[in-house]
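Hi there,

Here is the structure I promised to pass on to you.

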Amino acid sequence: MSSAIINGKEIGQEIRGSVAKQVDELKAKGVTPGLAVVLVGDNPASKTYVANKQKSCEAIGMYSELIALPETISEQQLLEHIRALNEREDIHGILVQLPLPKHINEDSVIATISPDKDVDGFAPISVGKMMLGQETYLPCTPYGVMKLLEHSGIEIAGKHAVIVGRSHIVGKPMGQLLLQKDATVTYTHSKTPDLPSFTKQADILIAAVGRANFITAAHVKEGAVVIDVGINRDEDNHLCGDVDFAAVDGIASHITPVPGGVGPMTITMLLANTVQAAAKTVN
Ligand SMILES: NC(=O)C1=CN([C@@H]2O[C@H](COP(=O)(O)OP(=O)(O)OC[C@H]3O[C@@H](n4cnc5c(N)ncnc54)[C@H](OP(=O)(O)O)[C@@H]3O)[C@@H](O)[C@H]2O)C=CC1
Ligand SMILES: Nc1nc(=O)c2c([nH]1)NC[C@@H]1CN(c3ccc(C(=O)N[C@@H](CCC(=O)O)C(=O)O)cc3)C=[N+]21
């Protein structure tokens, strides 16, 4: 039997519907939620993502502004742009598209974003609050995965979640959010010996590696829920995830496709976080 598909496009649309209602309510109070996206350089993949984010904002009546800066910009100049956005009343959320050019220190840039506008949830204050279980903006990709699990009626408490990857933007916060929902969490990464011996134990397997079709049948326990965060290009330049979908289909109970799985949820939660930021500015 094939695995059940967790449809991120559909679940994302449903959530966007309720976010759009909040946008209308805020507009009636005179506030249009505004997102600034800062793009440095002209990496084609980054450009596509950024265009997607802007289109999604506009589709639900939000304001979005692209600040496109040259690859050669200095760190100081970039920080000036962010400080200016921190001050602007019409901008409620700031996203600095990663990765940044090598000569710029990402940590300094992210730390400069006002915590009130950190809709990516990457800044130190936001990360600290998340760790403590305090209210904050949750990082959009892990937050989106939690919504996928919730909407699919997947139980988390008491389950063993195994995360492959420990990046600051995906793997690490993903484990934290699952832990908060009472999963037992195992992190694995490039130094983990015998990876399948860990992933085979997963009731919930999260793949956030960045390698096309890396997770195969040998990694997955019968009946596991498999969440594929990866966005890669295969040798034919087709978009694909970190999970070899065809190999795992039928072993997993549930699986997310790429495209149409986690990706659309990331953008949905970005919209939700920005609307939440705007809502805080009205009484
Ligand atoms: N769908 C979405 O919305 C999003 C998708 N992505 C995609 O998700 C993927 C991961 O992104 P990101 O977390 O930023 O990537 P990073 O490259 O920052 O992190 C990759 C992680 O995978 C680990 N890893 C690499 N090779 C192996 C291996 N052979 N065995 C086990 N672990 C390994 C690394 O380990 P170590 O730490 O030891 O180096 C690292 O922790 C990418 O494909 C990216 O494009 C990212 C963001 C959002
Ligand atoms: N500051 C910052 N915040 C991010 O959230 C961030 C970032 N930098 N840098 C890059 C990664 C990647 N990322 C994706 C978002 C949506 C899709 C997405 O919508 N994917 C579609 C397909 C898109 C396509 O067709 O190319 C899907 O999976 O269905 C993918 C990837 C956000 N990231």
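Let me begin with the ligand shells. The largest share of the shell around ligand 2 comes from helix 10, with four residues; helices (H or I, at least four residues) and strands (E, at least two) are DSSP runs, numbered from the N terminus. Please keep in mind that this is a predicted model, where local features need pLDDT of at least 70, side-chain atom pairs count only at pLDDT 80 or more, and totals for chains, interfaces and linings use all residues. Residues are numbered from 1 along each chain as its sequence is written, while chains are lettered from A and ligands numbered from 1 in the order in which they are written.

**The two ligands**

Ligand 2 is surrounded by 18 residues, the closest being L98, P259, G260, G263 and T266. A residue is near a molecule if its C-beta atom, placed from the backbone, lies within 6 Å of it. At least two residues of this shell come from each of helix 2 (44–59), strand 4 (93–96) and helix 10 (262–279). By class, the shell around ligand 2 holds 11 nonpolar, six polar and one charged residues. Here Ala, Val, Leu, Ile, Met, Phe, Trp, Tyr, Cys and Pro count as nonpolar, Asp, Glu, Lys and Arg as charged, and the others, Gly among them, as polar.

Around ligand 1 there are 24 residues, and the closest are G165, S167, S190, G210 and T266. Helix 10 gives the largest share of the shell around ligand 1, with three residues. The shell around ligand 1 divides into nine nonpolar, 13 polar and two charged residues.

**Domains and core**

The domain assignment gives domain 1 (30–114) and domain 2 (140–263), with bounds that come from an automatic or database domain assignment. Their C-alpha centres lie 28 Å apart. Ligand 2 lies between the two domains, because both domain 1 and domain 2 give residues to its shell.

UniProt, in an unreviewed entry, lists residues 6–120 as "domain: Tetrahydrofolate dehydrogenase/cyclohydrolase catalytic". The chain over residues 6–120 is 50% helix and 16% strand. The unreviewed entry also lists residues 139–280 as "domain: Tetrahydrofolate dehydrogenase/cyclohydrolase NAD(P)-binding", and over residues 139–280 the chain is 35% helix and 17% strand. UniProt positions are given in the numbering used here, feature names are shortened, and annotations may be inferred rather than shown by experiment.

The largest nonpolar core has 75 residues, of which L205, I206, A207, V226 and I227 touch the most other members. Helix 10 gives the most to this core, with 10 residues, and the core draws at least three residues from each of domain 1 and domain 2. Such a core is a set of buried Ala, Val, Leu, Ile, Met, Phe, Trp, Tyr and Cys residues joined through C-beta atoms within 7 Å. A residue is buried if 20 or more other C-beta atoms lie within 10 Å of its own, exposed if 12 or fewer, and partly exposed in between, with C-beta atoms placed from the backbone.

**An annotated site**

The "binding site" annotation in the unreviewed UniProt entry covers G165, R166, S167 and I231. R166 sits in the loop between strand 5 (160–164) and helix 7 (171–180), and S167 is found in the loop between strand 5 and helix 7. R166 counts as partly exposed because it has 18 C-beta neighbours inside 10 Å; S167 has 15, so it counts as partly exposed. Not counting residues up to four places away in sequence, S167 touches K172 and A208, where contact means that the C-beta atoms, placed from the backbone, lie within 7 Å.

**Backbone details**

Most residues other than glycine have a negative phi, and most peptide bonds are trans. Yet a cis peptide bond joins L98 and P99, with omega about 0°, and a cis peptide bond joins V258 and P259, with omega about -5°. P259 lies in the loop between strand 11 and helix 10. Phi is near 50° for D194, a positive value in a residue other than glycine, and phi of N213 is near 50°. D194 counts as exposed because it has 9 C-beta neighbours inside 10 Å, while N213, with 19, counts as partly exposed.

Conventions. Contact = placed C-beta atoms within 7 Å.
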